[in-house]
Amino acid sequence: MPVPTSASTRTAFRAATLTALAALAAGLLTAPAAAVPSARASDPVQRQLDALTRDGVAPGALAHVVRAGGEARRYTSGVGDLATGSAVPRGGSVRIGSNTKAFTATVVLQLVGEGEVALDEPVDTYLPGLLRGDGIDGRGITVRHLLQHTSGLPEYLDRRAVLTDPHRYYEPRELIDRALDRPADFAPGARWAYSNTNYIVAGLLVQKVTGRPLGEEIKRRITDRVGLRHTYLPAPGDMTVRGSHPHGYHRLTAGGPWRDYTELDPSWGWAAGGMVSTDADLNRFYRALFSGRLLAPAQLTEMRRTVPVDAEGALPGTRYGLGVQSTPLSCGGRYWGHGGSLPGFSTYGGVTADGRAVNVTVTAVPDGRGGARAAAAVDTAMCR
């Protein structure tokens, strides 16, 4: 979910995020702990998850799968805590990275429906003077540009700084100032390019219009409304993951030892990637969102208005709407969601038109090949 400064680092992190984007369905799934070995071995989703943890793509994996008729199943695989050897907790809480963008976009679109925000109004209308830089002018960047990653705003943060000092706190304005030190990637509306900076600006817009913290608005407008009991945007200074959860890990070098990144300050992700949830809560959120429980029809239509995702690592046919992505399935049709990656956790998944929902979490950020394998597990879960 973060943003690197050097071209090579930026490509590496975007590849990880876009694997979650190109794999808007990613995953690792595992059968319940009570499942007998024969049943476990016969489940193709479980087999793929077990292969991922066995082959070192991540220490652990967990998932939640909802069939079209509403039948749900939880999966786990691997180790939840390398220090103790404890199992991955079923239904554990995880950091959800850029799935946060879908929550932020939903709040913005609710404000659109209330007449407080207009999608094609310049950002300067709401945050006058905030965006000024080399090729950057908030008078020409619209709210739609932010939500759809067509603003041309550059990324704001060096991923290496996060890995080196994961407990550092960042103010949202500091993140934007870092982005404004760089030239625009392109003119607003000229093309699509994923940039977390867009959603830091969107989070500030929500706070300016509502006069309340973003986390409170997400809670009032989304999590309380649809019963997401384990989903929240951490308050400033909160570096923990509440409740039962697996540990999240990262390798600083290829083939190096796993380093525990479970506790970190998510302020560098904030409105773009700072939230905590569970696989089951994410499935509930996306099912509620795309069934029309959170947005009026006009705003849901705008959210689903997409542009092609033209990026390295993206699955052919992937398209991006307003804070959500549409991904093709091997069995036909598409699913909607987002996915997200940050040190320690990667999540993949979404929901189909007939109500199938899958969310998978692996307790690391896989490389491109590992991410593709996780994405295949999500496709399997959707199509079986």
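Q: How many aromatic pairs does the count come to?
A: Rings of Phe, Tyr and Trp (its six-membered ring) pair if their centres lie within 6.5 Å. The model is predicted, so local features need pLDDT of at least 70, side-chain atom pairs count only at pLDDT 80 or more, and totals for chains, interfaces and linings use all residues. Residues are numbered from 1 along each chain as its sequence is written, and side-chain values use heavy atoms, with hydrogens and water left out. By this rule the number of aromatic pairs is five.

Q: How do the rings of Trp-192 and Tyr-320 pair: stacked, edge-to-face or tilted?
A: Planes under 30 degrees apart count as stacked, over 60 as edge-to-face and the rest as tilted. The centres of Trp-192 and Tyr-320 are 5.8 Å apart. With 45 degrees between the planes, the pair is tilted.

Q: How many residues apart are Trp-192 and Tyr-320?
A: Trp-192 is in the loop between helix H7 (172–180) and helix H8 (197–210). Tyr-320 belongs to strand E11 (residues 319–320). Helices (H or I, at least four residues) and strands (E, at least two) are DSSP runs, numbered from the N terminus. The pair links distant parts of the chain, and the separation is 128 residues.

Q: Is Tyr-320 buried or exposed?
A: Buried means under 20% relative accessible area, exposed over 50%, partly exposed in between (1.4 Å probe, protein chains only). Tyr-320 has a relative accessible area of 0%, so Tyr-320 is buried.

Q: Which residue has its charged end over the ring of Tyr-232?
A: A charge sits over a ring if NZ of Lys or CZ of Arg is within 6 Å of the ring centre and within 35 degrees of the ring normal. At 3.7 Å from the centre of the Tyr-232 ring, the residue is Arg-242.
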